[in-house]
Amino acid sequence: MTSSTLPNISEMICRLAQLSELSNGITRQFLSSEHREANALVCRWMEMAGMRAHQDAIGNIIGRYEGLETDLPAVMIGSHLDTVVNAGKFDGILGVVVAIHCISALYKEKKRYRFPIEVIGFADEEGTRFQSTYLGSKAVAGTFDFTSLGRRDVNGTSMQDALLSFGLEPDKIKNAARKPKDISAYIEIHIEQGPVLEEQGIPAGIVTEITGAVRFQVTVTGTAGHAGTVPIHLRNDALVSACECVLMVEEIARKHPKTVGTVGQITVTAGASNVIPGETVFTIDLRAADNEIRHKVEHELISEMQRLCQKRQTKISLKKVHEAPSVTCSPRIINQLQNAFTKSKHKPYCLPSGAGHDAAAMADLTDVGMIFIRCKEGVSHNPAESVSEPDIQSGLDILLEFLNAYD
Ligand code: HGY
Ligand code: MN
Ligand code: MN
């Protein structure tokens, strides 16, 4: 089914923003009913743009636009369709809809390159539901960790069961893996999620590297007790102990340049206002571009938190739930992106990415490159996320220039 009634990019972004588990915000999680609706919508748009579309074994949605030579490897372009909790409209989604419009422009001109192009909407980049990121891109790259099938969401549903209820077969995930000979490059358009392009006064930039990250789930255990009867000096308060650890995350990250540490979630299990907390669980997200520094900071933080808990006679246990090394983008792709920037009259400005992206996982399969698009005040992972239409158009122009000259 093909037709020229493809919605424009802004309309697509607004349509996808409505597919949310929240009535007044955007949250679209892996293998949710909203994920299913988003895949169906994107599949229709891909077909309208002249592609053959299908959903793969992990729930990615993939469109293919054939080239003039059938046996050449494809260039894959896209990003992710899942979101964080209470997200902005553009993180991930922008890269998918711009890629679809790229193909639609070629299709309208009846233009094909020698090589095929595939557009992909990854199923889970954020890891919001199961605390494990890049599930869609790792499946495509052939690096999916099958032990993560046992991970459970906040309702206790395992990834295995969530896949089955979505109509997918976990033991078929290996079929989503692509061969290096079939994909010659992966290019991702994504909002910068930082203030640099706005500071430079330019609409787009070229990513040089993607910062590595490590994530922990930390449990601090103390002694639950009566808030009215236990004197302060006799308490093992798991929440106060956890709070000292949370402040230590910030203190240690501040000490090391180009290192950031974040505690995004904290829960007091069985919390009540008149109960001294017996157990607190919180997350740590630690990032530094330099892998050595990140490992050093990680060990320093763990020993400091152990010292703090010992002092309060509480117990601390850590579970590493995600680790991704820093990834450098392909010099071959960066060079061709620089040419595409120049040809489309943009300054080929290079910058690193503090955020993680599917391109980091796809680097295990093929050469990767990223085009960053300016976003207002660098705000992201926030409903205030905003991108201007002219800047989106710049991204589309640059991507088309890149494909025109790709070799
Ligand atoms: O957390 C990140 O860097 C990305 O948004 N998943
Ligand atoms: Mn994100
Ligand atoms: Mn993203």
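Is Phe115 buried or exposed? In this predicted model, Phe115 is buried, because its relative accessible area is 8%, and buried means under 20%.

The partner of Phe115 is Tyr113. Their ring centres lie 5.3 Å apart with the planes at 15°, so this pair is stacked. Tyr113 is buried as well, with a relative accessible area of 8%. Ring pairs also join Tyr113 and Phe115 with Phe402 and Tyr406 in a cluster.

Both Tyr113 and Phe115 are touched by Leu403, whose other contacts are Val75, Ile77, Cys102 and Ile117, leaving aside residues up to four places away in sequence. Leu403 brings us to the nonpolar core. The largest nonpolar core has 85 residues, and those touching the most other members are Leu16, Trp45, Ile100 and Leu403.

I return to the aromatic residues. The count of aromatic pairs comes to seven. One of the pairs is stacked, namely Tyr113 with Phe115, given the 15° between their planes. Phe122 and Tyr186 provide an edge-to-face example, because their planes stand at 65° with ring centres 5.8 Å apart. What does this pair tie together? Phe122 belongs to strand S4, residues 117–122, and Tyr186 to strand S5, residues 183–191, so the pair connects parts that are 64 residues apart in sequence. Phe122 and Tyr186 are both buried.

Arg36 lies over the face of Phe166, 4.5 Å from the ring centre. Arg112 takes up a position over the face of Tyr65, 4.2 Å from the ring centre.

Next, the ligand. For Glu125, a polar side-chain atom is 2.9 Å from a nitrogen atom of the ligand. For Arg215, a polar side-chain atom lies 3.4 Å from an oxygen atom of ligand 1. For Arg287, an N or O atom in the side chain is 2.5 Å from an oxygen atom of the ligand.

I turn now to backbone geometry. Most residues other than glycine have a negative phi. Lys110 has a phi near 55°, a positive value in a residue other than glycine. Lys110 sits in the loop between H3 and S4, and it is exposed, with a relative accessible area of 76%. Tyr134 likewise is not a glycine and has a positive phi, of about 65°. Tyr134 is found in the loop between S4 and helix H4, which spans 135–141. Is Tyr134 buried or exposed? Tyr134 is buried, because its relative accessible area is 6% and the limit for buried is under 20%.

The loop between S4 and H4 also holds Thr128. The side chain of Thr128 reaches the backbone oxygen of Thr83 at 2.9 Å. Leaving aside residues up to four places away in sequence, Thr128 touches Gln29, Thr83, Val84 and Val85. Thr128 and Glu323 are 195 residues apart along the chain, and their C-alpha atoms are separated by 15 Å.

Two further residues complete the survey. Gly50 lies in the loop between helix H2, residues 33–48, and strand S1, residues 52–55. Gly50 is buried, with a relative accessible area of 15%.

Finally, Thr219 lies in strand S7, residues 212–221. What does Thr219 touch, not counting residues up to four places away in sequence? Its contacts are Glu279, Thr280, Val281, Lys315, Ile316 and Ser317. Thr219 is buried, with a relative accessible area of 16%. Thank you for your attention.

Conventions:
Residues numbered from 1 in each chain as written. Chains lettered and ligands numbered in written order. Predicted model: local features only at pLDDT ≥ 70, side-chain atom pairs only at ≥ 80, totals over all residues. Heavy atoms only, no water. Core = buried A, V, L, I, M, F, W, Y, C linked by side-chain atoms within 4.5 Å. Buried < 20%, exposed > 50% of the residue type's maximum accessible area, 1.4 Å probe, protein only. Contact = heavy atoms within 4.5 Å. Phe/Tyr/Trp six-rings, centres within 6.5 Å; stacked < 30°, edge-to-face > 60°. Helix = DSSP H or I, 4+ residues; strand = E, 2+ residues; numbered from the N terminus. Lys NZ or Arg CZ within 6 Å of the ring centre and 35° of its normal. Polar contact = N/O pair within 3.5 Å; in protein donor to acceptor, adjacent residues only side chain to side chain.
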